[in-house]
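Trainee: I have this one open in the viewer. Can you walk me through it?

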Amino acid sequence: MSDLSRRKLIVTGLAVTAGVSGLGVVARIAQKYGMIPPDHGGIYGLGETLTYASQRLLTKHSLAREFPRRQISNPPFANEMPPLTEAFKRLQAGGFADWRLSVNGMVDRPASFSLAQLQSYPSRSQITHLACEEGWSYIAEWIGVPLSHILDVVGIHPQAKYIVYFSIDPDWWDSIDMGDALHPQTYLAYGMNGGELSVGNGGPLRMRVPRQLGYKSVKFITHLTVTDSLKGFGRGLGSASPEGGYAWYAGI
């Protein structure tokens, strides 16, 4: 049996089980295959489990659609931002020369990267659609270094499950699983439409996760933590906390 047929069989089994025996049994099946999302304990947790497990089984290696250059939105939309912090303003005044991306957690070589260092690595570009949960969207070219390359540089541990990424805004963070972290279209973006990434669009450094809704593409990234659990991280914009926030998995 092919891998695709096997995945379809499992997904069909999950859906049938949900209809016949209830979502509780689905959760146990998903757990067997390691497909329990961090927010499975919330009010919508069992439904989130079914969604996450189904998408991971059927779209594990899928790519977000890429567009021809003529379809780039003009101008790209820059949504409302929180007030810039004094720390950000100081870094901006210095041309972001002192901006750093630190990486720690379950890695062999914790590191701190300047923008110049990130830009020295092999760059990639993609023209993809950013869909916001608020209902607006645009198409833009994103330029940056694949997150997978940075994870190779620091050497992630085999048991790592998640990448938690933090904005310079202390209340703004999110996380993705290793499937999205190692996906070839997941970038640390520092450029847009042939130029620098503007502050309005998340510059100088933004996470870009084109297979998920816009809130996963957090702006002003300064720190990454590699971990095997999201317990203890508190609440972020797209927090997996059952007390609130968006759903942890926002696949599209």
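Mentor: Start with a term. Buried means under 20% relative accessible area, exposed over 50%, and partly exposed in between, using a 1.4 Å probe and protein chains only. By that cut-off phenylalanine 96 is buried, with a relative accessible area of 14%.

Trainee: What should I know about the model itself?

Mentor: This is a predicted model: local features need pLDDT of at least 70, side-chain atom pairs count only at pLDDT 80 or more, and totals for chains, interfaces and linings use all residues. Residues are numbered from 1 along each chain as its sequence is written, and side-chain values use heavy atoms, with hydrogens and water left out.

Trainee: Back to phenylalanine 96. Where is it placed?

Mentor: Phenylalanine 96 is in the loop between helix H4 (86-93) and E1. Helices (H or I, at least four residues) and strands (E, at least two) are DSSP runs, numbered from the N terminus. Phenylalanine 96 also has a positive phi of about 60°, although it is not a glycine.

Trainee: And what is phi of phenylalanine 220 near?

Mentor: Near 60°, again a positive value in a residue other than glycine. Phenylalanine 220 lies in the loop between E9 and E10. Its relative accessible area is 4%, so phenylalanine 220 counts as buried.

Trainee: Sheets next. What is the strand order in the open sheet of five strands?

Mentor: The order is E2-E1-E10-E5-E6, with mixed pairing. Two strands pair if DSSP finds at least two bridges between them. E2 and strand E6 (173-177) are the edges; each has a single partner strand, so one side of each has no neighbour in the sheet. The twist averages 20° from one strand to the next. For angles, axes are lines fitted to C-alpha atoms, for helices over the stretch in contact, and values run from 0 to 180 degrees between N-to-C directions.

Trainee: How many bridges join E1 to E2?

Mentor: Four, and the two strands run antiparallel. E1 covers residues 100-105 and E2 covers residues 111-114. Arginine 100 has serine 114 as its bridge partner in E2. The pair forms a hairpin with five residues between the strands.

Trainee: E1 and E10: parallel or antiparallel?

Mentor: Parallel, over four bridges. Valine 103 stands opposite leucine 224 in E10.

Trainee: Which strands does H6 lie across?

Mentor: E1, E2, E5, E6 and E10. H6 runs at about 135° to E2. The buried residues in H6 are Leu147, Ser148, Ile150, Leu151 and Val154. Seen down the axis of H6, they fall within an arc of 160°, so they line one face of the helix. That arc is taken from the directions from the helix axis to the C-beta atoms. Glycine 155 follows H6 and has a positive phi, near 75°.

Trainee: Now packing. Which residues touch the most other members of the largest nonpolar core?

Mentor: Leu188, Leu205, Ile221 and Leu224, out of 34 residues. The largest share of this core, four residues, comes from H6. A nonpolar core is a set of buried Ala, Val, Leu, Ile, Met, Phe, Trp, Tyr and Cys residues joined through side-chain atoms within 4.5 Å. A second, separate core has nine residues, including Leu130, Ala140, Ala189 and Met192.

Trainee: What is isoleucine 221 in contact with?

Mentor: Contact means heavy atoms within 4.5 Å. Leaving aside neighbours within four places in sequence, the partners of isoleucine 221 include Trp99, Leu101, Tyr165, Phe166 and Leu188.

Trainee: Where does glutamine 212 lie?

Mentor: In the loop between strand E9 (206-208) and strand E10 (221-227). Glutamine 212 is buried, at 4% relative accessible area. Its side chain reaches the backbone nitrogen of alanine 250 at 2.7 Å. That is a polar contact: a pair of N or O atoms within 3.5 Å, where, within protein, one must be able to donate a hydrogen and the other to accept it, and residues adjacent in sequence count only if both atoms are side-chain atoms. Beyond four places in sequence, glutamine 212 touches residues including Ile176, Asp180 and Trp248.

Trainee: Last one. Which residues does the cis peptide bond join?

Mentor: Glycine 203 and proline 204, with omega about 15°. Proline 204 lies in the loop between strand E8 (195-196) and E9.
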